[in-house]
Amino acid sequence: MLKTKHLFLLLVTTTFFACGPYSFTGASIASNVKTFQVNYFQNNAILVEPGLNRDFTIALQDLITNQTNLSLVNSNADLVYEGEIVEYRISPTTATSENTAAQNRLTISVNVRFFNKKNEEDDFEQRFSFYYDYGGSEQLTGTIKTTAFEEIFERLTQDIFNASLAKW
């Protein structure tokens, strides 16, 4: 019986270490990378939504903090995210027979520059964009606006995370 326990323990230990470092978020972060910083994303869109830049910057910081063991710092980080919001657009997507919008689409696009000071081959500049559709008779205010921002930010930040740390 004791031999079986030792054999089982050896099997479990070998399996665990054979898999190597694994992350449930899909991130592959080198062991020498300890810190990250997200510089303030300026809102350079033609249509400016107040507070959008602050909210997006915080959303990106929160996602990376929650999905990695990296420490958020204000300067001299191993990984640096910076960029700007380049598009904030509301456009009709479908029309009614009376030539009014049956559905509207909010589109937000960000241009991101990513710098990995430990491995410069990972650096990139890329544009990320996502949208939220809502009823043509509804105004983009209150809970509709909150829901739209949450869904768009969730997708944008996850896409940025995947491009920079998961290499998807």
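# Notes on a predicted model

Guide: Asn76 is found in the loop between strand 3 (71-72) and strand 4. Strands (E, at least two residues) and helices (H or I, at least four) are DSSP runs numbered from the N terminus. The model is predicted, so local features need pLDDT of at least 70 and side-chain atom pairs count only at pLDDT 80 or more, while totals for chains, interfaces and linings use all residues. Residues are numbered from 1 along each chain as its sequence is written, and side-chain values use heavy atoms, with hydrogens and water left out.

Visitor: Is Asn76 buried or exposed?

Guide: Buried means under 20% relative accessible area, exposed over 50%, and partly exposed in between (1.4 Å probe, protein chains only). Asn76 has a relative accessible area of 68%, so it counts as exposed.

Visitor: What is phi of Asn76 near?

Guide: Most residues other than glycine have a negative phi. Asn76 is not glycine, yet its phi is positive, near 55°.

Visitor: Which residue's side chain makes a polar contact of 2.7 Å with the side chain of Glu87?

Guide: Glu87 is found in strand 4 (residues 79-95), and it is buried because its relative accessible area is 16%. A polar contact is a pair of N or O atoms within 3.5 Å; within protein, one must be able to donate a hydrogen and the other to accept it, and residues adjacent in sequence count only if both atoms are side-chain atoms. The contact of 2.7 Å is with the side chain of Ser109.

Visitor: How many salt bridges does a search of the whole structure find?

Guide: A salt bridge is a side-chain nitrogen of Lys or Arg within 4 Å of a carboxyl oxygen of Asp or Glu. By that rule, the search of the whole structure finds ten.

Visitor: How many residues apart are Glu49 and Lys145?

Guide: Glu49 and Lys145 form a salt bridge, with the closest N and O atoms 2.4 Å apart. Glu49 is in the loop between strand 2 (42-43) and helix 2 (52-67), and Lys145 is in helix 3 (residues 142-166), so the pair links distant parts of the chain. Glu49 is buried at 14% relative accessibility, whereas Lys145 is partly exposed at 24%.

Visitor: Which residues do salt bridges that share partners join into one network?

Guide: Glu82 forms a salt bridge with Arg113, the closest N and O atoms being 3.1 Å apart. Glu82 lies in strand 4 and Arg113 in strand 5 (residues 101-116), so the pair ties together parts 31 residues apart in sequence. The network joins Glu82, Glu84, Arg113 and Glu125.
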